[in-house]
Amino acid sequence: MIDTRRLTLRPATVDDAAFYLRLVNEPSFLENIGDKGVRDLEGARAALLAGPVAMQARLGYSLWMVVRKEDGAAIGMCGLIKRDTLPDTDIGYAYLPAYWGQGYAWEAAAAAMAYGRDVVGLPRLLGIVSPGNTASSALLMKLGMHFVERLDAGKTDLYRMEFPPRHS
């Protein structure tokens with residue numbers, strides 16, 4: 001769906017359940033994003049169907065699988081998410097720790113952001129992050145977002161990017 005120099009971002013399917021199960025149960029995921037309550041493959045399949053697969057069908061975007069081109073390894077998920085609790089679409093991402101610090105998160109997030117702006121036509125994009133997750137906050141700022149406010153009694157920082165208007 002989206003190709004970058006080193007990565008492919010593609011819609012998730014139920015065939016990604018084993019990867020999803022592993023990702024959402026990583027200690028770093030649990031600490032920074034939260035417990036999704038997914039404990040087995042059947043739960044992972046159900047979560048994918050109800051979440052990314054359904055959102056992709058409904059909106060044409062979702063949280064996508066991030067696959068490394070050089071070896072086809074699934075390394076994480078990144079994409080655009082429309083949550084009922086936020087006024088606008090936000091960018092989300094999570095990676096297996098073995099792939100941190102190699103620029104993959106920025107590469108995929110920049111591509112997802114461009115897709116939201118250029119293909120979907122979003123006027124703005126949000127980013128939400130746990131206040132203690134300094135790496136994720138730094139990534140949002142590197143993408144051009146700015147801090148707006150603290151939500152949920154200080155549990156979540158909200159960032160926002162306004163896209164410049166298009167000129168015809």
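Biologist: Which residues does Leu 9 touch, not counting those up to four places away in sequence?
Modeller: Met 1, Ile 2, Trp 64, Met 65, Val 66, Cys 78, Ala 108 and Ala 112. Contact means heavy atoms within 4.5 Å. This is a predicted model: local features need pLDDT of at least 70, side-chain atom pairs count only at pLDDT 80 or more, and totals for chains, interfaces and linings use all residues. Residues are numbered from 1 along each chain as its sequence is written, and side-chain values use heavy atoms, with hydrogens and water left out.

Biologist: Is Leu 9 buried or exposed?
Modeller: Buried, at a relative accessible area of 0%. Buried means under 20% relative accessible area, exposed over 50%, partly exposed in between (1.4 Å probe, protein chains only).

Biologist: Where does Leu 9 lie?
Modeller: In strand β2. Strands (E, at least two residues) and helices (H or I, at least four) are DSSP runs, numbered from the N terminus.

Biologist: What joins β2 to β3?
Modeller: Five bridges. β2 covers residues 7–11, β3 covers residues 63–68, and they run antiparallel. Thr 8 stands opposite Val 67 in β3.

Biologist: And the sheet, what is the strand order?
Modeller: β1-β2-β3-β4-β5-β6-β8-β7. The sheet is open, has eight strands and shows mixed pairing. Two strands pair if DSSP finds at least two bridges between them.

Biologist: Which strands stand at the edges?
Modeller: β1 (2–3) and β7 (146–151). Each has a single partner strand, so one side of each lacks a neighbour in the sheet.

Biologist: New topic. How do α1 and α3 cross?
Modeller: At roughly 95°, with their axes coming within 8 Å. Axes are lines fitted to C-alpha atoms, for helices over the stretch in contact, and angles run from 0 to 180 degrees between N-to-C directions. The two helices are therefore roughly perpendicular; that label covers 65 to 115 degrees, with under 35 roughly parallel, over 145 roughly antiparallel and the rest oblique.

Biologist: Which residues meet there?
Modeller: Ala 17, Ala 18, Tyr 20 and Leu 21 in α1 meet Leu 41, Ala 44, Arg 45, Ala 47 and Leu 48 in α3.

Biologist: Last one, where is Ser 62?
Modeller: In the loop between α3 (41–59) and β3. Ser 62 is buried, at 1% relative accessibility.

Biologist: What does the Ser 62 side chain make a polar contact with?
Modeller: The side chain of Gln 56, at 3.0 Å. A polar contact is a pair of N or O atoms within 3.5 Å; within protein, one must be able to donate a hydrogen and the other to accept it, and residues adjacent in sequence count only if both atoms are side-chain atoms.
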